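This report describes a ligand site and a selection of individual residues and elements. The sequence and structure are shown first, and the description follows.

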Amino acid sequence: MWAFQQLEPFEHFISRQRAKGHSIGFVPTMGALHAGHLSLIRQSNAAHDITVCSIFVNPTQFNDPLDLLKYPRMEAQDLYLLERAHCGVAFLPSEAEVYPQGHGAGPEFMFGTLDQIMEGAFRPGHFLGVAQVVYRFLQMVEPDAIYMGQKDFQQVAIVREMIRQAGLQVRLVMCPTVREENGLAMSSRNVRLPETQRTQAALIYEVLQDIKERAPDANLSHLREEALRRLAEAPGFRPEYVEIVDGRSLQQVNAMEESDFVVACIVCWVGEVRLIDNLVIKFSDK
Ligand code: AMP
């Protein structure tokens, strides 16, 4: 595996790959890698000559400075895992190279309601930071496809819209959420959960499955309220939102007949850790 910390040799390497006609798959991450990230590497490896995985803890997408400070960093272990997963290239640029003209210098994207609901409402500015950093990495890597996890469903919608607005020629591939044995969605933040809370956090997935099971015959706003109550009653749990939305517009759905693609989304604090998860509860590919 090649590992680059500097942009110039990285860009030379990439242009040599291009000259050879190699296709490039790209997996952007913030490190502290787990099986979820590695599943994206595998999917990219299966479709491209070379996979580039970036590791960059992007300051502009953290609305909470404490969250940025506490974000786990484990570079040596990450490189080891990437090597074992047969990733072709690890790219770990410095902040100065990602943002040579400072934060906020890239193109301006307008996401309308897409970044005002759910994560957008609770983490103001978060998605502008995400769009900005992914745009910048797409410039540096120039991949044929970018691989992202369904776990961050709204993030995928934002990046899809950013790619459309910027007119970029890159395919966006959304990969299924990888879960721990008890159903908890894998996340870099899970390492901050004490063992008992990590076990209890499986409740989030249980609640999502319950919504999926009952949605066809239930009143959706009652389901939402009940889910919120169930989470709030669990010791140490503090739900931020439970939403049932259209999978394309991310607008709230009031009845299952309103859409052929419906997703239930939850954000809940467990102790000190903010966890995000979602489940597709209806999808009919007409
Ligand atoms: P992060 O390092 O948290 O920014 O995540 C990097 C990429 O990995 C994003 O596209 C995430 O959606 C994806 N990802 C994170 N956790 C999982 C998971 N449990 N299953 C699948 N993809 C994931």
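## Basis of the description

Helices, of at least four residues, and strands, of at least two, are taken from DSSP runs and numbered from the N terminus. In these terms, Glu 142 is placed in the loop between α7 and β5. The model is a predicted one.

## The ligand shell

The shell around the ligand holds 17 residues, of which Met 30, Gly 149, Asp 152, Val 178 and Met 186 come nearest. By residue class, eight members of the shell are nonpolar, seven are polar and two are charged. At least two residues each are supplied by β2 (24–29), α2 (35–47) and β5 (145–149). The largest contribution is that of α2, which gives three residues to the shell.

## Polar groups facing the ligand

The side chain of His 37 places an N or O atom 2.9 Å from an oxygen atom of the ligand. On the nitrogen side, a polar backbone atom of Val 178 lies 2.8 Å from a ligand nitrogen atom. The protein buries 93% of the 480 Å² that the ligand exposes when taken alone.

Val 27 is a residue of strand β2. Its relative accessibility is 0%, so Val 27 counts as buried, the limit being under 20%. Among the residues that Val 27 touches beyond four places in sequence are Leu 40, Ile 41 and Ser 44, together with Thr 51, Val 52, Cys 53, Ser 54 and Tyr 147. Val 27 is also 6.0 Å from Ile 146, C-alpha to C-alpha, although 119 residues separate the two in sequence.

Ala 47 belongs to helix α2. With a relative accessible area of 46%, Ala 47 is partly exposed. Apart from neighbours within four places in sequence, Ala 47 is in contact with Ser 23 and Tyr 147. The C-alpha atoms of Ala 47 and Ser 23 are 8.5 Å apart, and the two residues are separated by 24 places in sequence.

## Helix α7 and the residue after it

Helix α7 comprises 16 residues, 126–141, and spans 22 Å from its first C-alpha to its last, close to the 22 Å expected at 1.5 Å a residue. Is this helix enclosed by the rest of the structure or exposed? Of its 16 residues, 14 are buried, and α7 is therefore largely enclosed by the rest of the structure.

Glu 142 follows α7. Its phi is positive, near 45°, in a residue other than glycine. Glu 142 is exposed, with a relative accessible area of 51%, where the threshold for that class is over 50%.

His 86 is not a glycine, yet it has a positive phi of about 60°. The residue lies in the loop between α4 (75–84) and β4 (89–91). His 86 is exposed, at a relative accessible area of 65%.

Asn 190 is located in the loop between β6 (171–175) and α9 (195–200). Which side chain makes a polar contact with the side chain of Asn 190? The partner is the side chain of Glu 180, at 3.3 Å. Leaving aside neighbours within four places in sequence, the contacts of Asn 190 are Glu 180, Leu 184, Ala 185, Arg 198 and Leu 275.

Ser 259 occupies the loop between β7 (237–246) and β8 (261–270). Ser 259 is buried, with a relative accessible area of 7%. A polar atom of its side chain lies 2.9 Å from the backbone oxygen of Phe 261. Not counting residues up to four places away in sequence, Ser 259 touches Asp 246, Val 253 and Lys 282.

Note on methods:
Residues are numbered from 1 along each chain as its sequence is written. This is a predicted model: local features need pLDDT of at least 70, side-chain atom pairs count only at pLDDT 80 or more; totals for chains, interfaces and linings use all residues. Side-chain values use heavy atoms; hydrogens and water are left out. A residue is near a molecule or strand if one of its heavy atoms lies within 4 Å of it. A polar contact is a pair of N or O atoms within 3.5 Å; within protein, one must be able to donate a hydrogen and the other to accept it, and residues adjacent in sequence count only if both atoms are side-chain atoms. Accessible areas come from the Shrake-Rupley method with a 1.4 Å probe; for residues, only the protein chains shown count as cover. Ala, Val, Leu, Ile, Met, Phe, Trp, Tyr, Cys and Pro count as nonpolar, Asp, Glu, Lys and Arg as charged, and the others, Gly among them, as polar. Contact means heavy atoms within 4.5 Å. The expected span of a helix is 1.5 Å times one less than its number of residues. Buried means under 20% relative accessible area, exposed over 50%, partly exposed in between (1.4 Å probe, protein chains only).
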